[in-house]
Amino acid sequence: MTERSVASRAVPEGLRSFLATETGSTSVLLAATGAGLLWANLPFGDSYEAFWHTRLSVTLGADAFSLDLREWVDDGLMALFFFVIGLEISREITVGQLRDRRVFAVPFVAALGGMAVPALLYALVNMDGPGAGGWGVPMASDTAFVLGLLAVIGTRCPEPLRVFLLTLAVVDDVGAILVVAVFYTEDLSVVALLVAVALFGLIVALRWLRVWRGPAYVLLGLGVWAAMLESGVHPTLAGILLGATVVVYAPKDHQILRAGELVQALSREPSPELARQATRSVQRTVSINERLQLRLHPWTGYVIVPIFALANAGVVLNGDTLRQAATSRVTLGIVAGLLAGKFVGVALGTWIPLRFNWGDLGGGLVWGQLLGGAAVSGIGFTVSLFITGLAFADDPALQSEAKIGIIAGSLLAAGLGFVIFRLAWNRGAACAPPGAVPVTEAEREPLAPVTRRDHVLGRADAPVTLVEYGDYECPYCGQAFGVLEDLQDQYGDRLRFVFRHFPLREVHPHAFSAALCSEAAADHGVFWEMHEVLFGHQLALTDADLTAYCERFGFDPWEDLDRHRDRVNADRESGERAGAAGTPTFFINGNLHEGPHDLASLGAAIDAALAGRDPSGACHIGGET
């Protein structure tokens with residue numbers, strides 16, 4: 001009904017759901033972090049460590065399995081967190097964006113740079129020092145905090161950048177777990193490790209034999225986790241390996257058809273047997289991997305990771321600890337790694353594959369956004385705290401200094417990213433679909449004249465007509481919206497403004513639906529009111545959001561869709577013929593404006609048009625027809 005198929009190709013629904021959960025859980029994680037810090041610094045702060053060192057045992061006959069509460073969180077609950085990461089890796093490699101080597105190459109190399117440079121900086125600062133073993137601490141980014149900050153930044157951070165950073169974070173997490181497994185494993189038990197490998201082999205064999213019995217996989221998975229824990233290799237590695245083996249597939253046509261037939265049969269003749277068959281058939285249209293992600297990801301995002309933060313973020317902050325941290329090479333090394341190392345590493349790792357044509361960067365992203373993303377990737381929390389507990393397990397003082405470094409470095413990285421998004425934003429940039437090639441000057445056709453079908457603000461006899469081809473989900477168009485309001489105030493009756501649709505469905509999944517919504521509003525005489533609402537809510541343009549906006553004005557947005565779709569497509573086609581290749585594109589009196597889109601540049605172009613106006617008052621673009 002509203003171009004859902006195009007939207008799903010631009011940003012897969014599963015990935016959009018993952019982004020939404022990560023962003024939403026940020027407030028819970030932040031609250032848990034604050035609670036941990038507050039608890040550790042209250043007058044009864046000694047109870048913090050005493051509580052998390054309480055032993056919890058599972059006894060079966062004469063055998064007992066005992067860990068303290070923090071170990072149950074770090075080794076047990078976090079294994080489930082990394083299991084979900086493994087599920088996401090499997091899905092992305094099989095049916096997601098990691099299938100395309102060129103798309104994957106840029107965030108992959110960026111992630112490698114974002115791990116290597118911080119580790120190197122830390123190692124240089126702590127060379128031959130007591131904290132030399134903590135080089136893994138500043139390597140990882142915290143996905144939840146990064147996406148949460150990007151949500152605060154808003155439209156200056158487009159969705160393609162969120163997807164880029166999420167892909168980077170997946171590689172980042174895998175690298176961190178490999179570092180933990182290889183470099184932070186002590187007292188390796190070969191026998192226990194072989195048992196873990198054997199049990200994992202049984203899981204692979206069951207999958208190969210197509211034996212789909214959930215209890216068998218659960219029992220074998222618990223066995224792999226326990227054997228890995230006993231071996232000395234951190235058991236979170238078991239989580240990511242087990243997640244990566246879970247089956248994922250794209251839905252097949254015959255499965256969807258069969259499910260539809262059973263649902264229809266159930267609606268005609270309800271029965272317990274048909275209900276059972278229909279339920280199983282509908283479930284099979286979606287892989288077990290994606291069903292598990294749907295069930296588990298809210299638990300890991302809203303429960304497990306916040307509990308981990310509560311158990312590990314508590315550090316005493318007083319004059320003595322802060323003075324010690326201010327001169328500690330551990331603290332300074334972590335801050336340098338998160339603030340400078342991540343920024344340089346991710347930026348360099350992005351530039352190299354683009355420079356040597358190893359990969360592509362879609363979504364119309366520009367360097368202002370990428371540098372902002374590189375800066376916020378220095379927010380390292382969950383995995384950084386995790387590695388801190390391993391690297392400095394026997395030295396509480398170094399743990400404290402490392403945690404202060406993580407908090408300080410993450411706050412500074414967040415601040416740097418916020419400043420870059422505010423001040424280093426590329427104001428002259430435009431969104432463009434992947435592979436877009438603008439027509440040459442010789443190929444351009446004259447701009448289509450303004451007609452009564454157009455959306456116009458201003459007098460028909462205004463000496464200057466400014467036409468914008470825009471996209472309601474484009475962040476640059478959102479920025480230009482305020483500039484255009486200022487221009488209309490500045491020039492008054494001397495300026496006529498025309499808005500035409502140019503939805504980039506290849507980049508912005510909700511832009512076409514938003515354009516249809518605005519056309520429905522035009523039928524009811526409230527186009528410009530809806531125009532303002534849509535640009536004011538660029539991060540909330542789902543079908544449900546658009547329906548709600550239209551209901552405020554008392555109409556159904558999805559009536560007469562064919563006519564509205566033809567109108568939007570006609571606008572884009574006219575723009576392409578005239579030379580538009582991205583958004584926003586401006587024409588001033590029929591001439592393509594190729595400069596920046598800020599107030600000064602557009603104002604100068606309008607002044608030039610006013611100065612060169614034909615004495616007869618005729619307008620180059622034509623009048624109403």
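Reader: Which residue in E6 is the bridge partner of Tyr469?
Author: Thr585 is the bridge partner of Tyr469 in E6. This is a predicted model, so that pairing is a computed one.

Reader: How do E4 and E6 pair, and over how many bridges?
Author: Strand E4 (residues 464-470) and strand E6 (residues 585-588) are antiparallel, with four bridges.

Reader: What is the strand order in the sheet?
Author: The order is E3-E5-E4-E6-E7, in an open sheet of five strands with mixed pairing. At the edges are strand E3 (455-457) and strand E7 (591-593), each of which pairs on one side only.

Reader: How far are neighbouring strands turned against each other?
Author: On average by 25°, with direction ignored.

Reader: Which strands does H25 lie across?
Author: Helix H25 (residues 599-611) lies across E4, strand E5 (495-501), E6 and E7. Relative to E6, H25 runs at about 20°.

Reader: Switching to the hairpin. Which strands form it, and how many residues sit between them?
Author: E1 and E2 form the hairpin, with two residues between them.

Reader: How many bridges join E1 to E2?
Author: Six bridges join strand E1 (residues 55-60) to strand E2 (residues 63-68), and the two run antiparallel. One of the pairs is Arg55 with Asp68, the latter in E2.

Reader: On to the helices. How close do the axes of H16 and H19 come, and at what angle do they cross?
Author: The axes of helix H16 (residues 329-355) and H19 come within 7 Å, crossing at roughly 25°. Angles under 35 degrees count as roughly parallel, so H16 is roughly parallel to H19.

Reader: Is that crossing left-handed or right-handed?
Author: The crossing of H16 and H19 is right-handed.

Reader: What residue classes make up the contact?
Author: The contact of H16 with H19 has 15 nonpolar, four polar and one charged residues.

Reader: Where does Ser400 lie?
Author: Ser400 is part of helix H19 (residues 396-423).

Reader: Buried or exposed?
Author: Ser400 counts as buried, because its relative accessibility is 18% and the cut-off for buried is under 20%.

Reader: What is Ser400 in contact with, leaving aside neighbours within four places in sequence?
Author: Val315 and Val316.

Reader: How far apart are Ser400 and Val315 in sequence and in space?
Author: They are 85 residues apart in sequence, while the C-alpha to C-alpha distance between Ser400 and Val315 is 5.9 Å.

Methods. Residues numbered from 1 in each chain as written. Predicted model: local features only at pLDDT ≥ 70, side-chain atom pairs only at ≥ 80, totals over all residues. Heavy atoms only, no water. Buried < 20%, exposed > 50% of the residue type's maximum accessible area, 1.4 Å probe, protein only. Contact = heavy atoms within 4.5 Å. Axes fitted to C-alpha atoms, helices over the stretch in contact; angles between N-to-C directions. Parallel < 35°, antiparallel > 145°, perpendicular 65-115°, else oblique. Left-handed = near helix turned anticlockwise from the far one by under 90°. Nonpolar A, V, L, I, M, F, W, Y, C, P; charged D, E, K, R; others polar. Pairing = 2+ DSSP bridges.
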